[in-house]
Amino acid sequence: MDLIIVEMASTATIAITLFGIAFCLTQTEHSCVSRSFAAFLAAVAVNNVPDAFNRMIEKLPDAYIQPAESIIWLPSSLLLAPLFWMYVFTLTSPAQRRPAHLFRHILLPVLAVLSGVIILLSPQEVSGTLYSNGPIPSSPWMVALVLVVLLLQLAVYPQMAVYLFLIIRRLMRYRLMLRDVYASTEEHELRWIYVIGGLGVLFWVAQALVLLIAFDPKPTGATPAFISIAGLAGLALVATTTHWGLRQRPALVPDVEAEQTPTISIDQPPEKSSEKYEKSALTAEATTRITRKLRAAMETDHLHRDPNLSLWILARHIGASPNYISQTLNEVIGENFFDFVNGYRIAEAMTLLSTTDETVLNITYDVGFNARSSFYNAFKRVTGQTPTSYRKTVSRPVGMDDSKG
């Protein structure tokens with residue numbers, strides 16, 4: 001029964017990933033991101049083939065069962081983390097480009113494929129010896145082959161840790177870059193990847209335990225049940241990843257065709273403002289004019305009240321290049337886009353808190369925030385107080401009820 005559960009979970013995983021791949025390949029917009037995610041899903045599907053078709057594989061000659069699985073499972077396992085990293089890199093890139101030096105990321109999977117092919121093409125007594133409890137032949141190339149395969153199997157887990165670090169570092173830089181183009185960043189911060197990363201760590205720990213159990217000469221009665229639970233957990237993880245992955249769109253790409261993308265790079269440490277714009281053709285007169293238009297857009301047109309306000313929307317509104325607006329904000333006003341817009345939101349919120357009896361929640365949305373938590377964090381960062389505390393320190397109309405906030 002437990003074996004059937006594992007097969008069903010693996011088969012369902014393959015079905016989900018195949019659907020995701022088909023969906024990705026039909027996308028014409030942001031196709032580079034879609035193809036990157038499709039490649040990751042393909043590795044997941046291949047990785048589940050041995051478990052999904054376990055009974056069919058067992059019908060192969062004994063000397064070919066383990067070599068066949070080594071060609072499928074080990075390379076695909078070593079591809080999962082690099083391919084997910086490439087997907088995150090492409091998704092968070094303003095130019096939707098893949099990371100440089102791709103060969104470095106696929107070196108281990110390529111070695112795993114070559115090792116598996118060598119084992120599969122080796123004489124039957126050689127390949128059979130590798131996956132049996134008998135002594136390893138003393139020939140140097142056999143010893144080297146066994147050592148390579150063992151090291152590759154062990155490399156799966158530290159490799160995952162390395163790529164998890166790279167993904168987290170990438171996302172931290174990405175969150176900072178979002179502030180250059182969005183006034184509200186919550187919808188674009190890819191927090192689901194942190195959750196997937198954490199669940200992925202737990203899943204790999206479970207997989208490691210399964211591997212240890214497989215080598216246990218005296219398995220307990222709970223062993224099959226544990227393996228089944230691990231299989232179902234893997235299915236849930238893949239389903240969640242596919243669901244969220246298919247919904248993502250690159251946030252640093254202009255939201256309207258033919259818009260100029262602001263110069264943003266998260267592949268290197270942030271440049272100083274003078275270095276970033278040293279080749280800009282923006283004149284002092286143009287900077288003054290853009291500054292005046294930016295102030296008017298907030299103070300007169302109240303553009304900060306739009307919760308979906310982006311740099312591109314503001315650029316269209318005032319008729320200026322996104323690059324020039326970014327340069328003006330950084331060099332003249334001394335703020336990024338996020339802080340500039342939210343400064344006006346907080347200023348209006350302070351006025352409303354002190355002169356009206358509107359609830360804090362209503363004020364949150366009225367001034368342009370799309371979440372109460374974001375409003376509280378921004379308000380406290382600027383004033384050092386929560387909105388409710390601030391309201392208590394200022395004069396209020398008679399009869400105001402703070403409990404409504």
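Biologist: Is Phe53 buried, partly exposed or exposed?

Modeller: This is a predicted model, and the class is read from relative accessible area. Buried means under 20% and exposed means over 50%, with partly exposed in between. Phe53 has a relative accessible area of 39%, so Phe53 is partly exposed. The residue sits in the loop between helix H3 (49-52) and helix H4 (54-57).

Biologist: Which residue is 42 positions from Phe53 along the chain, and what separates the two C-alpha atoms?

Modeller: That residue is Thr11, and the C-alpha atoms of Phe53 and Thr11 are separated by 8.2 Å.

Biologist: How do I read the chain as a whole? How many helices and strands does the secondary structure hold?

Modeller: There are 18 helices and zero strands. Of the 405 residues in the chain, 45% are buried. For contacts, one looks at sequence separation. Among the contacts with a separation of 6 or more, 73% are between residues 24 or more positions apart.

Biologist: How is a helix pair described? At what angle do the axes of H12 and H15 cross?

Modeller: One gives the distance of the axes, the angle, the handedness and the residues that meet. Helix H12 (residues 284-299) and helix H15 (residues 337-355) have axes that come within 10 Å and cross at roughly 40°. The crossing of H12 and H15 is right-handed.

Biologist: Which residues of H12 and H15 meet?

Modeller: From H12 they are Leu294, Arg295, Met298 and Glu299, and from H15 they are Phe340, Val341 and Tyr344. By class, the residues of this contact comprise five nonpolar, two charged and no polar.

Biologist: Next, aromatic pairs. How many does a search of the whole structure find?

Modeller: The search finds 11 aromatic pairs. To read one, take the distance between ring centres and the angle between planes. Planes under 30 degrees apart count as stacked, over 60 as edge-to-face, and the rest as tilted. For Phe37 and Tyr87 the ring centres are 4.7 Å apart and the planes are at 45°, so this pair is tilted.

Biologist: Where in the chain do Phe37 and Tyr87 lie?

Modeller: Phe37 is in helix H2 (residues 31-47) and Tyr87 is in helix H5 (residues 62-91), 50 residues apart, and the pair links distant parts of the chain. Phe37 is at 1% relative accessibility and therefore counts as buried. Tyr87 also has a relative accessible area of 1%, so Tyr87 is buried.

Biologist: Which aromatic pair joins Tyr87 to Phe84, stacked or tilted?

Modeller: Phe84 and Tyr87 form a tilted pair, with 6.0 Å centre to centre and 40° between the planes. Both residues lie in helix H5, three residues apart, about one turn of the helix. Phe84 and Tyr87 are both buried.

Biologist: Which residues do ring pairs link into a cluster?

Modeller: The cluster consists of Phe369, Phe375, Tyr376, Phe379 and Tyr390, linked by ring pairs. A ring can also have a charged end over it. The charged end of Arg345 sits over the ring of Phe369, 5.4 Å from the ring centre. Likewise, the charged end of Arg247 sits over the ring of Trp244, 4.6 Å from the ring centre.

Biologist: Why would one look at the phi of a residue that is not glycine?

Modeller: His30 is not a glycine but has a positive phi of about 55°. His30 is in the loop between helix H1 (2-25) and H2. At 16% relative accessibility, His30 counts as buried.

Biologist: What is the phi of His101, and where does His101 lie?

Modeller: His101 has a positive phi of about 55° and is not a glycine either. The residue is in the loop between H5 and helix H6 (102-121). With a relative accessible area of 51%, His101 is exposed.

Biologist: How should I read Arg191? Which residues does Arg191 touch?

Modeller: Leaving out residues up to four places away in sequence, Arg191 touches Arg175 and Glu186. Arg191 lies in helix H9 (residues 191-214) and is partly exposed, with a relative accessible area of 48%. Arg191 and Leu171 are 20 residues apart in sequence, and their C-alpha atoms are 8.9 Å apart.

Biologist: Where is Leu166, and is Leu166 buried or exposed?

Modeller: Leu166 is in helix H8 (residues 140-178). The relative accessible area of Leu166 is 17%, so Leu166 is buried. Leu166 and Pro82 are 84 residues apart in sequence and 10.0 Å apart from C-alpha to C-alpha.

Conventions. Residues are numbered from 1 along each chain as its sequence is written. This is a predicted model: local features need pLDDT of at least 70, side-chain atom pairs count only at pLDDT 80 or more; totals for chains, interfaces and linings use all residues. Side-chain values use heavy atoms; hydrogens and water are left out. Axes are lines fitted to C-alpha atoms, for helices over the stretch in contact, and angles run from 0 to 180 degrees between N-to-C directions. Helices (H or I, at least four residues) and strands (E, at least two) are DSSP runs, numbered from the N terminus. A crossing is left-handed if the near helix is turned anticlockwise from the far one by less than a right angle, and right-handed if clockwise. Contact means heavy atoms within 4.5 Å. Ala, Val, Leu, Ile, Met, Phe, Trp, Tyr, Cys and Pro count as nonpolar, Asp, Glu, Lys and Arg as charged, and the others, Gly among them, as polar. Rings of Phe, Tyr and Trp (its six-membered ring) pair if their centres lie within 6.5 Å; planes under 30 degrees apart count as stacked, over 60 as edge-to-face and the rest as tilted. Buried means under 20% relative accessible area, exposed over 50%, partly exposed in between (1.4 Å probe, protein chains only). A charge sits over a ring if NZ of Lys or CZ of Arg is within 6 Å of the ring centre and within 35 degrees of the ring normal.
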